[in-house]
Amino acid sequence: MAASTSQHALISIKPAAPAASFSCGKRAGNARFVSATGCCPGSRKFGLVCAANSQSSVIEPVHLPSSPESGSTPKKSGESALILIRHGESLWNEKNLFTGCVDVPLTPKGVNEAIEAGKRICNIPVDVIYTSSLIRAQMTAMLAMMQHRRKKVPIIVHSESERAHQWSQVYSEETKKQSIPVVTAWQLNERMYGELQGLNKQETADRFGKDQVHEWRRSYDIPPPNGESLEMCAERAVSYFKDQIVPQLVAGKHVMIAAHGNSLRSIIMHLDKLTSQEVISLELSTGIPMLYIFKEGKFIRRGSPAGPSEAGVYAYTKKLAQYRQKLDGM
């Protein structure tokens, strides 16, 4: 039931070395490289283009964890949507500072990026939202959902203590139907950059050497001083994804994750079965949603939803097309 639509560059690939290659095209079947401009001054990047057609990639089934309540694997549902959004530009992104796990809000540009992301997903169902514990990811999720045509209200689930949980309870069943739970998790935080956090990136390169800083930023398993490597970030982010988010998808819930470059790269590495060499060349654009369909234990990458005026993009599947028709009739 896929419809023809314009293609959207989702991921930019910057080769780690001239001889480096990226084999996602062989894996995905629908990926191809195109030149992209305006990504980074002085460098050439390539966009991984995915189309919503019969060539959409089918990812191997992920491990389905057991349900904590029943101790058994949850029953599979028909189809669920998974939306991934990297937060918009933050104040420290603007200042070219290492941000990591420092809690920095969005710039006006970042706010606009989050709003535009929301417009792209305004016709896609969302039942539960996961964000990191950092304000820039939470702001992105809230601003995006303000654009959704269903007009449900995101409500943060407070589970840090029994009192917080009790005080934040909603007792109206009707109100619950008009709200979306937002689960915050530190496991989805950006990679912790240790002693680099708050330092200007250019000044850091001048101080420690360009090659050393590049190794800290782009290697898979070498952390900066007192910080995390991408491998360490992936360990916590992917574990949380498998344990907490996959069961929601299996149960038929439509999920949105608003998080960060490295935590989302880690999840995509898991979904697309990328190697440690491939993932270090992966770059995600801020504020550009990526859509996966979870069906029969498999993740199917469907690309980036276009603006709400482009009707064809929502016919990724019959169910998504029907959902938009339902919204049109409300």
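This dialogue discusses how to read several features of a predicted model.

Reader: Which conventions apply to the model?

Author: Residues are numbered from 1 along each chain as its sequence is written, and side-chain values use heavy atoms, with hydrogens and water left out. The model is predicted, so local features need pLDDT of at least 70 and side-chain atom pairs count only at pLDDT 80 or more, while totals for chains, interfaces and linings use all residues.

Reader: How many helices and strands does the protein chain have, and what share of its residues is buried?

Author: Helices (H or I, at least four residues) and strands (E, at least two) are DSSP runs, numbered from the N terminus. The protein chain has 12 helices and 12 strands. Buried means under 20% relative accessible area, exposed over 50%, and partly exposed in between (1.4 Å probe, protein chains only). Of the 330 residues in the protein chain, 49% count as buried.

Reader: Which residues of α3 are buried?

Author: They are G110, E113, A114, A117, G118 and R120. Seen down the axis of α3, these buried residues fall within an arc of 155 degrees (taken from the directions from the helix axis to the C-beta atoms), so they line one face of the helix.

Reader: How is a pair of aromatic rings described?

Author: The distance of the centres and the angle of the planes describe such a pair. Rings of Phe, Tyr and Trp (its six-membered ring) pair if their centres lie within 6.5 Å; planes under 30 degrees apart count as stacked, over 60 as edge-to-face and the rest as tilted. The whole structure holds 6 aromatic pairs. In one of them, the ring centres of F241 and F299 are 6.1 Å apart and the planes stand at 45 degrees, so the pair is tilted. F241 lies in helix α9 (residues 230-250) and F299 in strand β12 (residues 298-303), so the pair ties together parts that are 58 residues apart in sequence. Both F241 and F299 are buried.

Reader: Which angle do the ring planes of Y292 and F299 make?

Author: Their planes are at 85 degrees, with centres 6.4 Å apart, so this pair is edge-to-face. Y292 is buried. Ring pairs link F241, Y292, F294 and F299 into a cluster.
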